[in-house]
Amino acid sequence: MARIIYSEEFRIEAVKQVTDNGYSITDTAQRLGIHPTSLSGWIKRLESPEAIKKHKLQDESQAEIKKLQKELKIVTEERDNLKKGRGVLCKPHKLKYSFIKEHSQFYTVHRLCKVMQVHRSGYYQWLNQPISNRELENQELLIQIKEAYRDSKGVYSHRNIHKDLKELGIHVNKKRVARLMSEAKLYGVGTYKRKPYSKAGPVHKAHPNHLHQCFIAGKPNDTWVSDITYIRTKEGWIFLATVIDLYSRKIIGWATGHRQTTPLIINALKMAVARLNKDDNVILHSDQGSQYSSYEYKTFAKKNNITLSMSRRGNCYDNAVAESFFKTIKKELVRKQIFLTRKIAASKIFEYIEMFYNSKRRHSYLDYISPNEFEKRYNMESSNIYVFTGLVIV
């Protein structure tokens, strides 16, 4: 396998996972598939006085933005004046106390009691009253549920949360998990209901369709699919190009940029090609587009023993796996927020793909394990078969 050369953007984002997002060096290195020593070296270099001075102005700008956001939050809170509490003003005190407890993380108890027209002493007396064993069990279970929900970045519904609890040895009814999540206002990300439009258009003259909607591969690096999508930011669109291995559904190559050009595809392919040996031959399927029929793209593919394949015009189902990933990332990451800058969007995309999707997210096609774990099991089985075969020969 060729030596992987990581870009400077990749190293910066990898360091951020340790310095900014709280991941350990060992955990980050394992998820990204790099050596902990290399990651430690990146951290030392990027934390040097020169690098700190370089990013000081950027940090000051971010601090100013956070300050303005905080002031805006205070003004918004004063304007809203706890509109959500109007529905319980005429309700019994216990319901008012429940409302206060639920919103105490956003507002002070003193202010909530004043708006709900109850005494603080009565609220604290209700808050400290003895609770049943069942309620204690629910509270302990809810802690585990919230932790699993937080690890999924707010993506998982009660079904996948139930699988996480079962993996931890916590046996509980799925309906109970759903009820506790509903009471705690923890909801999984929904799906888009719009049905995609497609038609059986003609095959592109540049490359034939080698897949014919057969998205099953028997081993890694046998068949890849690629596509480009766009994500909105306050600065404008940012484009994301991906390369997916059909065997493990892993994002083995990706790149972001301001323009939808051929170099964007080439950058994503360079990351994917690092997984190949010299004798490997792989099929790369894509939609029809000028980037995928350009001379530079075809030259790069020929140099790396890649057989090119293309969908029919206007038929999204011919590249359904790539389209499915774009739907997933927009549902689980993009739809939840609007990015201020392209740089922030690129950083969040890095964290989603490398720290969550490839290493942690459960995939239904893979029997609800992550792509990295699926490849790891394949490599272990291959090693065992090789050793066993060697013993038989001896």
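How many helices and strands does the secondary structure of the protein chain come to? In this predicted model, the chain comprises 15 helices and 5 strands. Of its 394 residues, 41% are buried. Among contacts between residues at least 6 apart in sequence, 67% join residues at least 24 apart.

Nonpolar residues were examined next. In soluble globular proteins, nonpolar side chains tend to be buried together. The largest nonpolar core in the model has 55 residues, and those with the most contacts inside it are Leu 39, Ile 145, Ile 161, Phe 325 and Tyr 352. Helix α14 supplies the largest share of this core, 9 residues. When residues up to four places away in sequence are not counted, Ile 161 touches Ile 145, Ala 148, Tyr 149, Tyr 156, Val 177 and Met 181. Another core, of 24 residues, lies apart from the largest one; among its members are Ala 241, Leu 264, Leu 276 and Tyr 297.

Aromatic rings form a further set of contacts. With ring centres required to lie within 6.5 Å, the count comes to 15 aromatic pairs. In one of these, the ring centres of Tyr 156 and Phe 356 are 6.4 Å apart and the ring planes stand at 50 degrees, so the pair is classed as tilted. Tyr 156 lies in the loop between α8 (133-151) and α9 (158-167), whereas Phe 356 belongs to helix α14 (residues 342-357); the pair therefore ties together parts that are 200 residues apart in sequence. Both Tyr 156 and Phe 356 are buried. The pair formed by Tyr 352 and Tyr 357 has ring centres 6.1 Å apart and planes at 35 degrees, so this pair is tilted as well. Tyr 352 has a relative accessibility of 4% and therefore counts as buried. Tyr 357 is also buried, with a relative accessible area of 5%.

Lysine side chains are placed over aromatic rings at two sites described here. Lys 163 lies over the face of Tyr 368, at 4.3 Å from the ring centre. Lys 330 lies over the face of Tyr 230, and in this case the distance to the ring centre is 4.9 Å.

The packing of two helices was also examined. The axes of helix α6 (residues 109-116) and helix α7 (residues 120-127) come within 10 Å and cross at roughly 110 degrees. The two helices are therefore roughly perpendicular to each other. On the α6 side the contact is made by Val 109, His 110 and Cys 113, and on the α7 side by Arg 120, Tyr 123 and Tyr 124.

Backbone geometry was considered last. Most residues other than glycine have a negative phi. Lys 185, although not a glycine, has a positive phi of about 60 degrees. Lys 185 is found in the loop between α10 (174-183) and β1 (223-232). With a relative accessible area of 51%, Lys 185 is exposed. Asn 305 is likewise not a glycine and has a positive phi of about 60 degrees. The loop that holds Asn 305 runs between α12 (295-303) and β5 (306-310). Asn 305 is partly exposed, at a relative accessible area of 32%.

Conventions: Residues numbered from 1 in each chain as written. Predicted model: local features only at pLDDT ≥ 70, side-chain atom pairs only at ≥ 80, totals over all residues. Heavy atoms only, no water. Phe/Tyr/Trp six-rings, centres within 6.5 Å; stacked < 30°, edge-to-face > 60°. Helix = DSSP H or I, 4+ residues; strand = E, 2+ residues; numbered from the N terminus. Buried < 20%, exposed > 50% of the residue type's maximum accessible area, 1.4 Å probe, protein only. Lys NZ or Arg CZ within 6 Å of the ring centre and 35° of its normal. Core = buried A, V, L, I, M, F, W, Y, C linked by side-chain atoms within 4.5 Å. Contact = heavy atoms within 4.5 Å. Axes fitted to C-alpha atoms, helices over the stretch in contact; angles between N-to-C directions. Parallel < 35°, antiparallel > 145°, perpendicular 65-115°, else oblique.
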